[in-house]
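Hi everyone, thanks for coming. Let me put the structure up on the screen, and then we can walk through it together.

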Amino acid sequence: MFQEGQKMKILLITLRADHGGGPYHVDLLINNISSNFDLFVACPNDKPYYDKWQRNKKVLGIFELPHRKFKIKKLIGLNQFIKDNQITLIHSHGKGAGIYSRLLKILNPKLKIIHTLHGFHIQEYGVIKKNIYIYVEKLFALFTNKFINVSKGEKDICLDFNVFKSEQSEVIYNGIKPIELLENAKQKLGLEDKIVITTITRFDYQKNMFLGYEIAKRFKDNKNILFLWIGDGNDKEIFEKKAKEEGVNIFFTGFTEEIPLYLSATDIYLSTSRWEGLPYALIESQSLGLPIVATNVIGNNEIVADNQNGFLFETADEAFLLLNNLIENNSLYKDFSNNAKKNFREKFDIRTMVGKMESVYQDLNQ
């Protein structure tokens with residue numbers, strides 16, 4: 001039982017500590033939470049976040065887990081780590097981490113468990129795998145004190161599948177500190193004569209860069225427009241080869257720590273995702289006042305208000321027309337930019353996210 005004046009001891013679990021929205025979310029939480037909490041982390045030895053968290057004075061201990069794998073030996077070790085450090089609350093992030101946290105609840109019924117799904121991603125599952133996953137989540141809900149949904153749309157999907165009861169979940173939007181606009185970014189990157197359309201991606205099925213390529217291909221004859229693709233993944237080499245062969249104006253950066261620089265050189269942000277939780281790349285773009293053109297899917301459509309701070313689309317042809325509209329209509333561009341900054345301030349500031357999360361922690365430890 002949590003006593004007044006005593007710090008809460010919280011374990012954050014993630015099965016990824018590489019580049020990605022989930023680990024970034026954990027990092028933001030660690031760095032912005034108040035001193036009322038003692039934090040511990042269980043995660044893989046991935047770059048860049050494992051080393052960062054190991055050096056972070058706010059993290060009092062790290063337990064190493066395998067990358068996106070479950071091992072019973074690690075579960076037993078983590079259970080002992082929790083007992084040794086007198087941890088009372090676990091906050092897991094993502095599917096794999098949720099398996100560990102709910103099994104730990106079975107081993108230690110007094111533990112409080114919070115689980116953030118970071119997207120209810122079942123779109124690429126076959127029927128059998130989808131049904132198994134939904135059944136397991138329903139079962140694990142019995143051992144979960146609170147679910148955190150990062151968007152209203154995500155919560156609605158979970159309720160449609162009866163994964164949990166409505167009162168068992170709270171929607172807390174992802175939040176960040178606004179990115180600082182870097183002066184002369186285009187000049188530093190040699191892009192001063194280009195209109196830059198940027199996408200941050202993993203080159204996987206979810207991000208749907210085949211759609212992104214079809215959009216970029218429609219602009220191949222306009223050499224004033226450059227598509228900037230930031231990130232890495234299995235299909236990156238395929239797209240690099242295609243773009244070179246077909247003369248499509250795409251610049252590939254790979255993974256980079258220079259996101260503020262590239263976004264400062266960006267004119268429009270483009271998302272082609274098949275689904276999202278609540279994507280940080282779009283929130284970061286809005287903090288800089290970038291208009292966004294994005295697929296009309298959950299997550300995207302809670303950041304982008306269609307025809308107010310950006311456009312939502314379904315097809316490559318539609319995206320081509322909408323991008324051209326923004327490029328050619330300076331008044332529309334300025335209106336969208338101002339509305340994007342306003343939307344960020346009202347919904348996605350880091351102080352709002354962390355404040356709501358701290359309230360959930362405190363409520364569960366009464």
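Predicted model: local features only at pLDDT ≥ 70, side-chain atom pairs only at ≥ 80, totals over all residues.

Let me start with a definition: two strands pair if DSSP finds at least two bridges between them.

Residues are numbered from 1 along each chain as its sequence is written, and side-chain values use heavy atoms, with hydrogens and water left out.

Now to the strands. Strand E8, residues 195–201, pairs with E11 in the parallel sense over two bridges. Within that pairing, Thr-198 has Tyr-269 of E11 as its bridge partner. E11 also pairs with strand E12, residues 292–295, again in the parallel sense, over three bridges. There, Tyr-269 stands opposite Ile-292. To get from E11 to E12 the chain passes through H11, and this β-α-β crossover is right-handed. By right-handed I mean that, with the strands pointing away from the viewer, the path from the first strand over the helix to the second runs clockwise.

Is E11 covered on one face or on both? Both. Ile-268 and Leu-270 are buried on one side, and Tyr-269 and Ser-271 are buried on the other. Here, buried means under 20% relative accessible area, exposed means over 50%, and partly exposed is in between, with a 1.4 Å probe and protein chains only.

Back to E8, which is joined to E9 by seven bridges, with the two strands running parallel. Thr-201 stands opposite Gly-231 in E9. E8, H8 and E9 together make a right-handed β-α-β unit. How many residues of E9 are buried? Seven of the seven, so E9 is largely enclosed by the rest of the structure.

Let's look at helix H9, residues 236–246. Lys-236, Phe-239 and Ala-243 are buried in this helix. Seen down the axis of H9, the buried residues fall within an arc of 65°, so they line one face of the helix; the arc is taken from the directions from the helix axis to the C-beta atoms. What do the buried residues of H9 pack against? They pack against helix H8 (209–217), strand E9 (225–231) and strand E10 (250–254). On the other side of H9, Glu-237, Lys-241, Lys-244 and Glu-245 are exposed. After H9 comes Gly-247, with a positive phi near 70°.

Ser-287 is buried, at a relative accessible area of 12%. Leaving aside neighbours within four places in sequence, Ser-287 is in contact, meaning heavy atoms within 4.5 Å, with Ile-176, Pro-178, Ile-179 and Phe-344. A polar atom of the Ser-287 side chain lies 2.7 Å from the backbone oxygen of Glu-284. And although Phe-348 is 61 residues away along the chain, its C-alpha is separated from that of Ser-287 by 8.7 Å.

Leu-261, in helix H10 (residues 259–264), also counts as buried, at 14% relative accessibility. Not counting residues up to four places away in sequence, Leu-261 touches Leu-182, Ala-185, Lys-188 and Leu-189. For Ala-185, 76 residues apart from Leu-261 along the chain, the C-alpha separation is 5.9 Å.

Finally, the cores. In soluble globular proteins, nonpolar side chains tend to be buried together. A nonpolar core here is a set of buried Ala, Val, Leu, Ile, Met, Phe, Trp, Tyr and Cys residues joined through side-chain atoms within 4.5 Å. The largest one has 56 residues, and Ile-10, Ile-30, Trp-53 and Tyr-361 have the most contacts inside it. Helix H14, residues 350–364, gives the largest share of this core, seven residues. Another core, of 28 residues, lies apart from it, and includes Ile-225, Trp-229, Val-248 and Ala-319.

Key
Helix = DSSP H or I, 4+ residues; strand = E, 2+ residues; numbered from the N terminus. Polar contact = N/O pair within 3.5 Å; in protein donor to acceptor, adjacent residues only side chain to side chain.
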